[in-house]
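Q: Could you take me through the aromatic contacts in this protein? I'd like a close look at that one part, with the surroundings of the rings included.

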Amino acid sequence: MQINSDWASNYFVAQGDILHENVNIKELIKIGDKYQCKSLSVFNEDYGIFGIVDVLELRKSKKGVRIESLNDNFDLEIVEYKNTFGKKQKLDDLLQVYGQKLCVDKMFGCDSKVCFYYNDTKRRCNVVITEIIKQEFGNTLREIEEYSKKNEIPEIKKGQKCSGCSLENICIPIKRKTKTFMEMAKTTNEEITKYTLCDK
């Protein structure tokens with residue numbers, strides 16, 4: 001998208017937009033002893049990354065980071081909204097929230113927690129940031145930088161799942177071969193009758 005300035009929408013994007021409607025409101029809500037900061041813009045200059053966190057929760061804690069505007073200390077937790085729960089967390093999703101964590105930790109000087117909120121189960125699932133995720137994030141970031149410098153779009157990787165992506169037909173447009181009448185006539189009798197010009 002960044003290199004070719006492409007954008008497209010499909011069912012999955014629209015579904016995601018609806019799911020995020022309850023999140024993409026820039027406001028701070030107080031719920032008991034915690035606050036929810038919605039649609040928070042975050043960045044990390046060291047990594048050259050930026051984005052938007054669906055929800056950043058601030059829960060009062062004596063050992064937490066000091067938030068001067070709220071005159072108190074808080075533990076921070078990133079809540080990323082997803083449509084459906086899977087038995088195994090997707091690597092792309094894990095890299096996404098790790099990037100968000102890097103931004104939040106840098107901005108607030110903390111060690112934030114991370115979780116997914118799944119819309120279908122209405123439950124949260126904690127995320128454990130492993131060394132493998134950190135290494136993969138670094139590799140992916142370097143790869144993005146290399147392709148950006150060369151102004152090239154990367155090739156599709158083996159096993160890459162594109163069917164749910166709104167940019168699928170832009171990245172890999174479907175080539176349809178137009179059949180001639182003679183080619184169609186070689187198919188089954190049922191198919192041939194579809195192209196009969198008149199009844200006898």
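**Aromatic pairs up close**

A: Let's begin with Phe 137, which is buried at a relative accessible area of 10% (buried is under 20%, exposed over 50% and partly exposed in between, with a 1.4 Å probe and protein chains only). This is a predicted model, where local features need pLDDT of at least 70 and side-chain atom pairs count only at pLDDT 80 or more, while totals for chains, interfaces and linings use all residues. Residues are numbered from 1 along each chain as its sequence is written, and side-chain values use heavy atoms, leaving out hydrogens and water.

Across the whole structure, a search turns up six aromatic pairs (Phe, Tyr or six-membered Trp rings with centres within 6.5 Å; planes under 30 degrees apart are stacked, over 60 edge-to-face, the rest tilted). One of them joins Phe 137 to Tyr 47: the ring centres are 6.3 Å apart and the planes at 70 degrees, so this pair is edge-to-face. Tyr 47 sits in the loop between β2 (34–44) and β3 (49–67) and Phe 137 in helix α3 (131–150), so the contact ties together parts 90 residues apart in sequence. Tyr 47 is partly exposed, at 38%.

Another edge-to-face pair is Phe 85 with Tyr 118, whose ring centres are 5.1 Å apart with planes at 90 degrees. Here too distant parts of the chain are linked: Phe 85 is in the loop between β4 (72–82) and α2 (91–108), and Tyr 118, 33 residues away, is in strand β5 (113–118). Phe 85 is partly exposed at 43%, whereas Tyr 118 is buried at 5%.

(Helices, H or I of at least four residues, and strands, E of at least two, are DSSP runs numbered from the N terminus.)
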